Amino acid sequence: MKAAGLTSAGTWCLTSKFIRTLFMEALGLKCQFLFQEKFGAGELSVAMTHTM
């Protein structure tokens, strides 16, 4: 499986640790991962995006 757009080191992906570990880790993506849990709990909010 190829993940379009997430194969270069200059890109980033916002996800949860659970999703990355369970589904994305095996893809060997070179992008940087930002984990939503680092910025707050629950659904993504405007306040969370401002802290990113």
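**Close-up views of a predicted model**

**View 1. T15, a buried residue of strand 1.** T15 counts as buried because its relative accessibility is 9%, under the 20% cut-off. This model is predicted, and T15 is part of strand 1, which spans residues 12-15. Leaving out residues up to four places away in sequence, T15 touches R20, M24, F33, L34, F35, Q36 and E37.

**View 2. The ring pair F33 and F35.** The protein contains 1 aromatic pair by the rule applied here. The ring centres of F33 and F35 are 6.4 Å apart and their planes meet at 10°, so the pair is classed as stacked. An angle under 30 degrees is what the stacked class requires. F33 is buried, with 16% relative accessible area. Both F33 and F35 are also among the residues that T15 touches.

**View 3. A nonpolar surface patch that includes F18.** The patch is formed by F18, I19, L22 and F23, which together have about 430 Å² of accessible area. F18 belongs to helix 1, residues 17-24. With a relative accessibility of 57%, F18 counts as exposed, because the cut-off is over 50%. Confidence in the protein is highest in helix 1, where the mean pLDDT is 90.

View 4. G42 sits in the loop that runs between strand 2 (32-35) and helix 2. Its relative accessibility is 52%, so G42 counts as exposed. Apart from neighbours within four places in sequence, G42 is in contact with Q36 and M48. Q36 is also one of the residues touched by T15. Helix 2, residues 46-51, has the lowest confidence in the protein, at a mean of 76.

**View 5. The whole chain, for orientation.** The protein has 2 helices and 2 strands, and along the sequence these follow the pattern β-α-β-α. Of its 52 residues, 23% count as buried. The accessible surface comes to about 4,000 Å², with 60% of that area belonging to carbon and sulfur atoms. Among contacts with a separation of 6 or more, 13% are between residues 24 or more positions apart. The average pLDDT of the protein is 79, and 83% of the residues score at least 70.

Note on methods:
Residues numbered from 1 in each chain as written. Predicted model: local features only at pLDDT ≥ 70, side-chain atom pairs only at ≥ 80, totals over all residues. Heavy atoms only, no water. Patch = residues over 30% accessible without salt bridge, like charges linked within 9 Å, V, L, I, M, F, W, Y side chains within 5 Å. Areas by Shrake-Rupley, 256 points an atom, 1.4 Å probe, with all protein chains shown as cover. Salt bridge = Lys/Arg side-chain N within 4 Å of Asp/Glu carboxyl O. Helix = DSSP H or I, 4+ residues; strand = E, 2+ residues; numbered from the N terminus. Buried < 20%, exposed > 50% of the residue type's maximum accessible area, 1.4 Å probe, protein only. pLDDT = per-residue confidence, 0-100. Contact = heavy atoms within 4.5 Å. Phe/Tyr/Trp six-rings, centres within 6.5 Å; stacked < 30°, edge-to-face > 60°.
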